[in-house]
Amino acid sequence: MDWKPDFSSEIPLYVQIKDSIKLKISLGEWAVGTKIPSQRTLADQLGVNRSTVVTALSDLIAEGLLEGNTKGGTRVVSNAWNLLAASPPPDWSSYVQAGTYYPNQPAIQQINRAEFQEGIIRLGTGELSPDLLPSAQMKKIFEESSVNPFVLGYEEPKGNLYLRKQIAAYLQGIGIHTSSSAILIVSGALQALQLISIGLLQRGSSILLESPSYLYSVHVFQSSAMKLIGLPMDEEGVRTDHISRYKKGHNASLLYTIPSFHNPTGTLMTEARRQDLMTICADEGLPIIEDDAYRELWFDNPPPLPLKARDPNALVLYLGSLSKTLSPGLRIGWVVAPEPVIERLADIKMQNDYGSSSVSQWAAAEWLGRGLYQEHLVFVRKQLQIRRDHTVQLLQKHFKDIAEWSVPAGGFYIWLRLTLDIPMHMLFERACKEGILLNPGSIYSRHTGNYLRISYAYAKREELEIGLKQLAILIKLLHRE
């Protein structure tokens, strides 16, 4: 709920809560059939005792608006106009359950809600801290004149031409030689995956990918009845010696990989492994989706050239993004692919949203065209390296005897393996109550339940110190229970 009771009011808290819920029901926000949040959740959200919530819900149940039971929770069963209607209102819960797109995992839904609560220390968030976002520079860009025309209308299907030319020039610097006609602007790399799933693949296809993988935490392919087939990893990246067997055994349609500073493990695929991957996929005729959103976030040395830079057979669909380096709010990413693929994806994108924001595309073009993006990357790399080093020091101080980890050479993440046997779901819940938000490894693979994805990109220095210290205490307490 986005409403809070007025603790200074003479009206009792339970009455305020009851009236607020009745208003949501009367407005149709909580339609008939809606399962409302649990008593504990409501109490936490509203900052009141659970008994206060129980009193309010009991009154609403007595008035016939709600119905509760121990198994199914509490649901809306009536509203003010329902009693007068000739036919019952639609059961929106049945519509919701009938939708073909899979819902997020419950843990991810909880994470998405908790991220915007005040006082939460976000130890797993895959996003740059607001302190690292160039807000002042962005404002200055909009205030200054530019040779790049500013438009408020729709852009062409592939996206702003000036931006695509700037991206083509930028990509040459990392070994990818392409033209603006082979680039599609998308609303972040995630939209690129959605377009690929519905535009290039048949329902029921199988996708090879690293395990664990970020792709398990979203349902882009699964919602189209596609199967994700996990390939094991080691310290050099995905195990290429398994690709041929898995490809034949599962009749795989393509391979998805994050070779540079992998999400969630932080692994950097070596040069030798990249060469092996391209050779094997070329021999197998297996297309590759290369998600390279993190490649610019290196610390001491740049990563090896992208897979796309060694792609004479046009095997690779290359995904890039500004979300991890410049601004997640711009929602600007790109796909590099053969022109027939770009034309197909552009057509589907126009049917879905009629193009990414023209304002965001203009701003992105300015960052690239003026050379500001490269300057910003130098700043971000330095700050992330400082944050990584500080986080590693904290782990050595508090987790030396209870966990293992590798130090990443870039990106956002440290893949932390707990060496104590504890129930991870209980750690997640208790940490939430303590104001610490975690990304458990089970989000990214069912085989990594004893892992945590620790991000040093978002939380402030003092938040990392408090959060990691308290997390270590919680782990030790759970182990003793």
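# A guided tour of a predicted chain

Residues are numbered from 1 along each chain as its sequence is written, and side-chain values use heavy atoms, with hydrogens and water left out.

## The whole chain

Taken along the principal axes, the C-alpha atoms fill a box of roughly 70 × 60 × 55 Å. Of the 481 residues, 53% count as buried, where buried means under 20% relative accessible area, exposed over 50%, and partly exposed in between (1.4 Å probe, protein chains only). Among contacts (heavy atoms within 4.5 Å) between residues at least 6 apart in sequence, 71% join residues at least 24 apart.

## The nonpolar cores

Now select Phe 221, Leu 384, Phe 399, Leu 427 and Leu 471, which touch the most other members of the largest nonpolar core, a set of 83 residues. A nonpolar core is a set of buried Ala, Val, Leu, Ile, Met, Phe, Trp, Tyr and Cys residues joined through side-chain atoms within 4.5 Å. The largest share of this core, seven residues, comes from helix 15. A second, separate core of 27 residues includes Met 138, Ile 185, Leu 372 and Tyr 373.

Stay with Phe 221 and display its surroundings: leaving aside residues up to four places away in sequence, Phe 221 touches Leu 193, Ser 197, Leu 201, Ile 207, Leu 215, Met 226, Leu 228 and Ile 289.

## Strand 4 and its partner

Next select strand 4 (residues 183–186), where Ile 183 and Ile 185 on one side and Leu 184 and Val 186 on the other are all buried, so that both faces are covered. In a regular strand the side chains alternate between the two faces of the sheet. Four bridges join strand 4 to strand 12 (residues 333–336), and the two run antiparallel. To see one of these pairings, pick Leu 184, whose bridge partner in strand 12 is Val 335.

Move on to an open sheet of three strands, with the order 13-14-16 and antiparallel pairing; two strands pair if DSSP finds at least two bridges between them. Strand 13 (403–404) and strand 16 (451–455) stand at the edges, each with a single partner strand, so one side of each is left without a neighbour in the sheet. Strand 13 pairs with strand 14 (residues 413–418) over two bridges in the antiparallel sense, and Glu 404 has Arg 417 of strand 14 as its bridge partner.

## Helix 14

Which residues of helix 14 (residues 424–433) are buried? They are Met 424, Leu 427, Phe 428, Ala 431 and Cys 432. Seen down the axis of helix 14, these buried residues fall within an arc of 130°, so they line one face of the helix; the arc is that of the directions from the helix axis to the C-beta atoms. The face turned away from the buried side carries the exposed residues His 425 and Lys 433. Just after helix 14, Gly 435 takes a positive phi of about 85°.

Most residues other than glycine have a negative phi, and most peptide bonds are trans. In the loop between strand 5 (206–210) and strand 6 (227–231), find Pro 212; the peptide bond from Ser 211 to Pro 212 is cis, with omega near 10°. Ala 225 lies in the loop between strand 5 and strand 6, has a positive phi near 60°, and counts as partly exposed at 37% relative accessibility.

Finish with Pro 264, in the loop between strand 9 (254–257) and helix 10 (271–284), where the peptide bond from Asn 263 to Pro 264 is cis, with omega near 20°.

Note on methods
This is a predicted model: local features need pLDDT of at least 70, side-chain atom pairs count only at pLDDT 80 or more; totals for chains, interfaces and linings use all residues.
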